[in-house]
Amino acid sequence: MFKITHPSRRFWQLCAGALLVLLGWVLCSRLSHPWTYNDDYNGAFWSQAARNLSRSGFLSNDGVPAPLYFGPPPVPAEALYVHHPTLLAGMMVLDRTLLGDSEWAARCLPIFFSLLTAALLWLLVSISSGWRAGAFAVAFFVAAPMELHYGQMPNFEAPELFFLLAGLCCFHLWRWRRTAGFAIGLLLCCVLAMWTDWQGYLLVVLLAAQLVAERNVKLAAGLLVAACLCGFAFLLQIHLAAPGAWRELLHAFRERSGHGDLSGGTFTAAQWLHTEYGYLTTLFHPVAWLLAGTGAVIAFLERRRPRPAREAAPLHIGAVLFVIGAFYVCALRNQSYIHDFAGFYFLIPVAVFSGFSIEWTIRKIETRGYRTLAATLAGCALAAALIWSGIRRLDGIDTQFCILDDDQSEPPTLMPDVGRLIDRTFPPDAVVICNFDPYYSPLPFYARRVLANDTLTYADWQRAVSDALPQSAGGIVWAAAPDAADLLRRLPATETRPVTVDGIPFVLWLPRGGASREP
């Protein structure tokens with residue numbers, strides 16, 4: 001009689017490996033794409049920070065980045081970015097040094113950390129709860145549009161999530177083994193997390209509180225001392241680079257925790273809740289939230305049931321990271337209102353508790369025969385459907401960042417092509433005036449120049465020239481803009497030159513003896 005056998009450990013290992021390959025393939029699908037989508041802004045932001053630190057020397061300005069400075073060195077103190085710890089900028093400089101100054105090189109850093117996070121999640125759950133549970137956890141991690149879309153974005157999220165997860169893994173390994181190596185690993189991961197972004201400090205507070213409750217005061221004290229030293233070092237670093245940095249940092253915290261939106265207005269609590277609901281149900285599938293919630297409830301109800309310490313570790317890690325993610329989203333309301341990726345740290349909790357829910361269900365009916373196999377196959381089918389749905393959602397998550405008019409389409413290469421034209425035409429110290437780019441796109445990254453954006457009228461143009469002093473000024477006019485005809489009539493014809501970029505007409509303004517260098 002034909003006997004149906006259950007999938008072996010090797011099968012689940014192969015499934016997890018295939019999921020990691022799939023994740024890498026999706027994350028690399030836009031590897032070399034220019035920074036022309038709205039969510040690509042952070043890529044240009046941190047690439048420019050690395051560019052400035054590389055050309056000025058990493059120790060210039062005490063290692064504090066200047067991601068929005070596009071003029072020649074030296075970088076002025078007022079251009080420094082002091083709102084976050086500085087390790088990300090250092091990693092971007094290293095990435096640029098090893099791989100070059102390009103979009104694909106910048107994306108390699110977050111993709112590297114995203115794959116490390118997925119692999120570490122798989123090992124954690126597999127060693128704790130079995131290879132099948134590990135494969136399901138990775139499947140739900142890969143299925144999230146949040147990971148598929150933002151896992152390749154150069155920003156804090158991908159490296160910070162890895163350092164947080166690695167620190168929690170070291171924490172549990174120390175609890176199991178009580179060896180100094182894992183305690184050192186925990187301290188190291190927490191230090192790296194604290195120098196990457198603020199969530200590292202929250203992790204230290206949560207773990208220190210738990211250690212004190214468990215009467216492990218020595219390690220708790222070590223974590224808190226490390227946090228104090230990292231915080232003091234960062235405050236000293238930004239103060240030495242920019243004397244007014246502390247005031248700017250305090251203002252940033254107040255702004256991010258407030259109710260202001262991008263238009264200069266405010267949002268209500270109802271608007272915030274509605275926006276967050278839209279973000280979290282778009283970037284995570286509602287079914288994944290349902291499974292994760294079910295898994296969390298089951299874990300809570302069974303919290304007193306004797307459970308091996310190894311099996312409880314992923315549930316604890318998921319709970320801690322959920323607290324960190326929820327605190328970040330709720331405490332920094334302005335940040336989470338304008339940035340849909342603020343919920344990135346929910347990735348691990350959703351993956352862990354969704355996988356736990358499926359694994360718990362299979363174990364409950366784990367008897368020999370068809371029922372267990374059917375439940376396993378149903379779990380696999382559900383995970384595959386969510387992955388397919390997540391990949392399908394990617395096309396609707398982001399839109400092109402238009403530099404001319406949001407109501408009209410433009411060639412996808414227009415932004416970098418216009419930027420490179422500016423770079424070829426004007427000297428490095430020139431201020432380039434333009435009558436487009438109203439939303440301050442990554443165009444300056446490609447232009448490598450200071451731009452006076454959205455200068456529409458001749459009076460505004462004259463004011464921009466005056467504001468540029470003592471630097472020279474030049475300009476580029478989008479010839480089809482509503483006020484372009486009047487503006488071009490007032491500019492001396494001998495100082496203008498028509499050009500066409502990707503089929504769109506522009507006019508260069510090259511003042512005599514001013515800002516121009518012939519291509």
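**Exercise 1.** Characterise the contact between the side chains of R51 and D101.

Step 1. R51 and D101 form a salt bridge (a side-chain nitrogen of Lys or Arg within 4 Å of a carboxyl oxygen of Asp or Glu), with an N to O distance of 3.1 Å.
Step 2. R51 belongs to helix α2 (residues 41–56) and D101 to the loop between α3 (87–99) and α4 (103–129), so the pair ties together parts 50 residues apart in sequence. Helices (H or I, at least four residues) and strands (E, at least two) are DSSP runs, numbered from the N terminus.
Step 3. R51 counts as buried at 5% relative accessibility, and D101 as partly exposed at 32%. Buried means under 20% relative accessible area, exposed over 50%, and partly exposed in between (1.4 Å probe, protein chains only).

The model is predicted: local features need pLDDT of at least 70 and side-chain atom pairs pLDDT 80 or more, while totals for chains, interfaces and linings use all residues. Residues are numbered from 1 along each chain as its sequence is written, and side-chain values use heavy atoms, without hydrogens and water.

**Exercise 2.** Describe the pair D423 and R449.

Step 1. The side chains meet in a salt bridge at 3.0 Å, N to O.
Step 2. D423 sits in helix α18 (residues 414–425) and R449 in the loop between α19 (443–447) and β2 (450–452), so parts 26 residues apart in sequence are tied together.
Step 3. R449 is buried, at 3% relative accessible area.

**Exercise 3.** Which residues are linked with R51 in a network of salt bridges?

Step 1. The network links R51, R96, D101, D423, R448 and R449.
Step 2. The structure holds 15 salt bridges.
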